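The following exercises concern the structure shown below.

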Amino acid sequence: MLDHLSGPRRRLALTVVAALVAAVVAVSVVVGVRVTGEDDVAAQDEPGPVLVVPGYGGRVASLDPLVAELRSQGRDVVVVAPSGGGTGDLRAQAVRLGTAASRAMGRTGAASVDVVGYSAGGVVARLWARDEGGAAVARRVVSIGSPQHGTDVAALAAEVAGSCPTACEQLAPDSDLLRALNAGDETPAGPAWVTLRSTSDRVVTPTESSRLDGGLDLVVQEFCPTATASHGDLPGDPVVLAALRTTLLPAQPRIPQDVRC
């Protein structure tokens with residue numbers, strides 16, 4: 001349809017058309033990426049397996065009350081045994097969590113998983129969500145007594161001994177790992193985030209370190225004012241167990257009611 005134009009004008013018109021086509025393609029690509037990013041998240045109303053991530057040292061037996069509660073709800077539960085005895089690089093443990101999630105979804109046919117991280121396990125869950133694609137397949141992430149912003153205890157251990165295992169150093173306030181982890185959005189889009197903590201915790205200090213911007217923050221003493229739940233008590237604490245019943249439902253996470261203190 002450009003035959004009526006002279007040679008120079010035809011070339012100019014073709015150049016303009018080519019530029020417009022390139023612009024349309026570029027916009028389409030950008031829009032496509034944005035739409036894919038927004039849609040590539042887990043459906044909140046379709047619970048899958050629950051992955052439970054132990055804390056520093058990887059003592060799995062301490063999670064028995066928590067695992068029993070989840071199974072009493074009819075949930076498929078997988079305890080993710082840590083690498084490096086639970087004291088190695090938390091980033092390696094995040095990779096291990098990703099492998100466990102893929103296996104659990106493949107075994108069950110589920111499209112997503114819920115993750116419950118105790119102590120350092122909650123930090124591992126965040127590393128997985130941010131760096132290993134976990135935000136796309138995690139429906140819920142529940143962090144229990146986790147030093148998301150570090151703990152003074154880890155810093156003290158490193159100072160007194162001169163050094164401590166890799167995970168210990170990574171859990172010190174303002175470590176390179178935590179500084180990078182908390183530099184942007186503390187709760188990446190995709191999963192719903194829940195944090196649980198006790199003001200009587202003497203391992204994660206200050207206890208506010210467990211809180212995440214953008215997450216539902218639950219404090220044991222807000223439900224049981226006289227509670228003295230220590231860090232080690234959290235996996236079996238009645239507030240924590242009640243919260244598992246209200247935050248992992250197909251409905252959006254909600255605050256537990258009628259907690260038996």
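**Exercise 1.** Determine why strand 5 (residues 192-197) is described as largely enclosed by the rest of the structure.

Solution. Six of the six residues of strand 5 are buried, so the strand is largely enclosed by the rest of the structure. Here buried means under 20% relative accessible area, exposed over 50%, and partly exposed in between (1.4 Å probe, protein chains only). Strands (E, at least two residues) and helices (H or I, at least four) are DSSP runs numbered from the N terminus.

The model is predicted: local features need pLDDT of at least 70, side-chain atom pairs count only at pLDDT 80 or more, and totals for chains, interfaces and linings use all residues. Residues are numbered from 1 along each chain as its sequence is written, and side-chain values use heavy atoms, with hydrogens and water left out.

Next, consider the directions of the side chains. In a regular strand the side chains alternate between the two faces of the sheet. In strand 5, A192, V194 and L196 point one way, while W193, T195 and R197 point the other way.

**Exercise 2.** Identify the strands that pair with strand 5.

Solution. Two strands pair if DSSP finds at least two bridges between them. Strand 4 runs parallel to strand 5 and is joined to it by five bridges; V141 stands opposite W193. On strand 6 (residues 216-219), four bridges make a parallel pairing with strand 5, and L218 of strand 6 stands opposite L196.

**Exercise 3.** Describe the largest nonpolar core and the surroundings of W128.

Solution. A nonpolar core is a set of buried Ala, Val, Leu, Ile, Met, Phe, Trp, Tyr and Cys residues joined through side-chain atoms within 4.5 Å. The largest has 33 residues, and L51, L90, L97, V115, V123 and W128 have the most contacts inside it. Elements giving two or more residues to this core include strand 1 (50-53), helix 3 (90-108) and helix 4 (120-131).

Contact means heavy atoms within 4.5 Å. Leaving aside neighbours within four places in sequence, the residues in contact with W128 include A94, L97, A101, V113, V115 and V137. Another core, of 26 residues, lies apart from the largest one; V142, L241, L248 and V259 are among its members.

**Exercise 4.** State which residues line the largest pocket.

Solution. The lining consists of Y56, S119, P147, T151, V153, A154, A157, C168, L171, V203 and H231. Helix 5 (residues 152-161) supplies the largest share, three residues. A pocket, on a 1 Å grid over the protein atoms alone, is an open set of points with protein on both sides within 12 Å along at least five of seven lines; lining residues have an atom within 4 Å of a point.

**Exercise 5.** Decide whether D174 is buried or exposed.

Solution. D174 lies in the loop between helix 6 and helix 7. Its relative accessible area is 54%, so D174 is exposed. The C-alpha atoms of D174 and G150 are separated by 7.0 Å, although the two residues are 24 residues apart along the chain.

Definitions and conventions:
On a 1 Å grid over the protein atoms alone, a cavity is a set of points where a 1.4 Å probe fits but cannot get out, and a pocket is an open set with protein on both sides within 12 Å along at least five of seven lines; lining residues have an atom within 4 Å of a point.
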